[in-house]
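Dear colleague,

I am passing on the structure below, together with some notes for a first reading. Please look through the sequence and the structure before you go on to the notes.

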Amino acid sequence: MKYGFIIAFGILWIAAPVEAQTADSMAIKPAPSRVGSPPKRGAPPTRKTSDEDPTLNKGKVTWSTKSVEMGAFLQGNPQDREIIVTNISKEPLEILIVKTSCHCTTATWTKEIIASGQTGKIWLTHDAQEVGEFYRIISIQTNFDLENWVLLSLTGEVKGL
């Protein structure tokens, strides 16, 4: 009879859900909370790009802006913006690659080496073919940091005709 009680208890323990067996040792994670209403689909984030540079370009390169705002403009009217890059180090600067996060935005840049104290330029063009708000990331690689890219943001809105 003594073993019958132990066997019955063992069967009940094995049949209990795993969550119930380990509930005391599991950490309880609170549900994430949202402040305010969710963003509209396709709307650019409200967060601004930080002017802080976490790459090895810090202290060697300055950017005229890291957040380019194009504003509102009509569909079919491409918009251009220029970013000035200044080499504030004693070493020569070379902009190796500039990538955009969408084919609708193109970038060209100074291909020559930028000497100490000199400036170069990055030209951004948004084609304005699609109506709506946009948020694009511009990724820039220089010879000062081959591993980490400098990120700029490009925002605006294309209005329908």
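Predicted model: local features only at pLDDT ≥ 70, side-chain atom pairs only at ≥ 80, totals over all residues.

Residues are numbered from 1 along each chain as its sequence is written, and side-chain values use heavy atoms, with hydrogens and water left out.

The protein chain has 2 helices and 8 strands, taken as DSSP runs (H or I of at least four residues for helices, E of at least two for strands) and numbered from the N terminus; the order from that end is α-α-β-β-β-β-β-β-β-β. Of its 161 residues, 28% are buried, that is, under 20% relative accessible area with a 1.4 Å probe, counting protein chains only.

There is 1 aromatic pair under the rule that ring centres of Phe, Tyr or Trp (its six-membered ring) lie within 6.5 Å. Phe73 and Phe134 form this pair, with centres 6.1 Å apart and 70 degrees between the planes, which counts as edge-to-face (over 60 degrees). Because Phe73 lies in strand E2 (residues 67-74) and Phe134 in strand E7 (residues 132-142), the pair ties together parts that are 61 residues apart in sequence. Phe73 is buried, at 7% relative accessible area, and Phe134 is also buried, at 2%.

Finally, the charged end of Lys60 sits over the ring of Phe144, 4.9 Å from its centre, where the rule asks for NZ of Lys or CZ of Arg within 6 Å of the ring centre and within 35 degrees of the ring normal. Lys111 lies over the face of Trp109, 3.4 Å from the ring centre.

Best regards

Note on methods. Buried < 20%, exposed > 50% of the residue type's maximum accessible area, 1.4 Å probe, protein only. Phe/Tyr/Trp six-rings, centres within 6.5 Å; stacked < 30°, edge-to-face > 60°.
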